[in-house]
Amino acid sequence: MKASTFRILPLPTEIADAARLAVNAGALDHTIVRANSPGSCPCRHCLRWAQPGERVILFPYAAIPSGHPYSETGPIFVHANECHRYSATNEYPADFRNGRVFRAYDSNYNIIDAKIVNGSEPEVVIESLFQNPDTAFVDVRSVTHGCFTFRVQRA
Ligand SMILES: [Zn+2]
């Protein structure tokens, strides 16, 4: 198998742990949600869908930091209980092969391209975005809800 040209970057464990502390401390912008159907609450730390009945924390995350035209803070989920950070970082996560949009950013956090899978494989879409030398990273988001799912960097 040919080595992938990209690395999956799941949410850092420090951010998931901080969200767990914040919700326990009663932070108003952090809330516990119980997943009620499969495929409704994607955990950004283990990169899996929460199973029905599992508890997740919903909180705002600045995927693109403030101070840029494309700055963006939006809602994300992480499991309320500890979970293992996604570690197969040279493989596209199996739970998110569908329903994603791929946005290419340059090193100044400007969006320079965006694609949906549209019948092709996510790996092919990601590699085509990285063919542009200006692409610094690709953010993968929900095509319906727009929420940040994970980041992809060059290998
Ligand atoms: Zn998780």
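**Close-up views of a predicted model**

**View 1. Surroundings of V152.** V152 touches F6, R7, I8, I126, F130, F137, V138 and V140, residues up to four places away in sequence being left out; contact denotes heavy atoms within 4.5 Å. The model is predicted, so that local features need pLDDT of at least 70 and side-chain atom pairs count only at pLDDT 80 or more, while totals for chains, interfaces and linings use all residues. Residues are numbered from 1 along each chain as its sequence is written, and side-chain values use heavy atoms, with hydrogens and water left out. V152 lies in strand β10; helices (H or I, at least four residues) and strands (E, at least two) are DSSP runs numbered from the N terminus. With a relative accessible area of 0%, V152 is buried. Buried denotes under 20% relative accessible area, exposed over 50%, and partly exposed the range in between (1.4 Å probe, protein chains only). From V152 to E72 the separation is 80 residues in sequence and 17 Å in space, C-alpha to C-alpha.

**View 2. The largest nonpolar core.** A nonpolar core is a set of buried Ala, Val, Leu, Ile, Met, Phe, Trp, Tyr and Cys residues joined through side-chain atoms within 4.5 Å. The largest one has 18 residues, and those with the most contacts inside it are I8, Y92, F102, I126, V138, F150 and V152. Two or more residues each come from β1 (6-9), β7, α2, β9 (137-142) and β10 (148-154). Helix α2 gives the most, with 4 residues. F150 is in contact with I8, L9, L47, Y92, P93, F96, V138, D139 and V140, its neighbours within four places in sequence being left aside. A second, separate core of 15 residues includes V23, C43, Y61 and C83.

View 3. D17 is partly exposed, at 33% relative accessible area, whereas R20 is buried, at 9%.

**View 4. Salt bridges between distant parts of the chain.** R103 and E72 form a salt bridge in which the closest N and O atoms are 3.1 Å apart. This pair links strand β7 (residues 100-105), which holds R103, to strand β6 (residues 72-79), which holds E72, across 31 residues. R103 is buried, with a relative accessible area of 17%, and E72 is partly exposed, with 26%. The side chains of R97 and E123 also meet in a salt bridge (2.7 Å, N to O). Here R97 belongs to the loop between β6 and β7 and E123 to helix α2 (residues 122-130), 26 residues apart. R97 is partly exposed, with a relative accessible area of 26%, and E123 is likewise partly exposed, at 23%.

**View 5. Residues at the largest pocket.** Lining this pocket are 14 residues, of which S40, P42, W49, S142 and H145 lie nearest its centre. On a 1 Å grid over the protein atoms alone, a pocket is an open set of points where a 1.4 Å probe fits, with protein on both sides within 12 Å along at least five of seven lines; lining residues have an atom within 4 Å of a point.

Key. A salt bridge is a side-chain nitrogen of Lys or Arg within 4 Å of a carboxyl oxygen of Asp or Glu.
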